[in-house]
Amino acid sequence: MLIITLMKELLNKTAVGVALLIGLLFPVNSVVFAAEAPEATATNASSITQTSATLNGVVNPNGVSTDYWMEISLGGSVVRITTRYGAGNGSSNVSVSQTITNLTPGTTYSYVIKAKNANDVVGVSNSRTFTTSSSSNPVSAPSVAATGASSVTQTSAVLSGTVNPNGVSTDYWMEISLGGSVVRTTTRYNVGSGSSNVPVSQTVTGLSSSTTYSYVIKAKNTADLTSTSNSGSFTTQGGVQTPDMPDATATGASSVGQNSATLNGVVIPNGLSTEVWFEYGTNNNFQYLTSRNSIGSGYNSVSANRY
């Protein structure tokens, strides 16, 4: 009854009264805003082979923590749902991609990207299609050959070979064995997706003198096919091992002030425990030197600096 009376009084007054009435009936702090959905856009697929493809797109979380996944369809039915990954909670586009395998050659698939935020609001992208390569050219495993070792010293060797990707993107690595057991696995490198032999080589260090090692090259393509080369062997040089000097390179000064500067450089210990210090001066006499610090005994570059 009080509201009705108040309405009558307000309607008999100016537009200011009408505005007051609206404020009473619809308090500002009672307005509920719908949560904004994340935005997802599917772009063209890439690295398409007979059995695999990389699906690409962008996701904009619109300020709320968001996960995304992809749904792959065949003939209008969803046949694959990928793993969910986080896209953060930013307000700008985030590039996303996932590689799917075990597809059927010569087949047209479609896919969408779905994104769901912490408020359970879901955004769905546009649909994209791609066609896997025809089965008339079946995928072959990479062809691999070990061709021997060179530059053999007491503690190192350069191992060489060839890898033919046979038309599918391929990674390779080397496995070094001693007495039938693998003692070293090298870094993986990609050799592309061509159809001809690619020369490959890697240097291995930290070996024992007067020791016979064997090695193979392994290669795996994006169709999950792996090949192993023939076995190569080499024997490191004998005698008393002469340690390699550490390698040191000065890279310049930084943060130079009126009475101070930071001296920088890199050092490779080459396998023996190594200390580093800096010598400096106003001429080539280098009348000043810094304190010594140990940088270990590895084979990788170590940054060094003094203030």
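Helices, as H or I runs of at least four residues, and strands, as E runs of at least two, are DSSP runs numbered from the N terminus. On that basis the secondary structure of this chain comes to two helices and 25 strands. The model is predicted. Of its 307 residues, 32% count as buried. The accessible surface is about 18000 Å², and carbon and sulfur atoms account for 51% of that area. Among contacts between residues at least 6 apart in sequence, 60% join residues at least 24 apart.

**Sheet of β19, β20 and β25**

- Three strands make up an open sheet, ordered β19-β20-β25, with antiparallel pairing.
- The edges of this sheet are β19 and β25 (302-306), each of which pairs on one side only.
- On average, neighbouring strands here are turned by 25° against each other, direction ignored.
- Seven bridges connect β19 with strand β20 (residues 262-268) in the antiparallel sense.
- Within this pairing, A248 has V267 of β20 as its bridge partner.
- The loop between β19 and β20 contains S255, a residue that is not a glycine and yet has a positive phi of about 50°.
- S255 is classed as exposed because its relative accessible area is 61%, above the 50% cut-off.

**Pairings of β7**

- Strand β7 (residues 108-117) pairs with strand β3 (residues 66-74) over eight bridges in the antiparallel sense.

- T236 belongs to the loop between β18 (232-235) and β19 (247-254).
- With a relative accessible area of 3%, T236 falls under the 20% limit and therefore counts as buried.
- The T236 side chain reaches the backbone oxygen of S208 at 2.5 Å.
- Beyond its neighbours within four places in sequence, T236 is in contact with V152, T153, Q154, L207, S208, S209, S210, T211 and Y213.

- S227 lies in strand β17 (residues 226-228).
- S227 also counts as buried, because its relative accessible area is 13% and the limit is 20%.
- Apart from neighbours within four places in sequence, the contacts of S227 are A141, P142, V144, I217, K218 and A219.

**Backbone of N166**

- N166 is placed in the loop between β11 (157-164) and β12 (170-178).
- Although N166 is not a glycine, its phi is positive, at about 55°.
- N166 counts as partly exposed because its relative accessibility is 27%, a value between the 20% and 50% cut-offs.

Conventions: Residues numbered from 1 in each chain as written. Predicted model: local features only at pLDDT ≥ 70, side-chain atom pairs only at ≥ 80, totals over all residues. Heavy atoms only, no water. Buried < 20%, exposed > 50% of the residue type's maximum accessible area, 1.4 Å probe, protein only. Polar contact = N/O pair within 3.5 Å; in protein donor to acceptor, adjacent residues only side chain to side chain. Contact = heavy atoms within 4.5 Å. Pairing = 2+ DSSP bridges. Axes fitted to C-alpha atoms, helices over the stretch in contact; angles between N-to-C directions. Areas by Shrake-Rupley, 256 points an atom, 1.4 Å probe, with all protein chains shown as cover.
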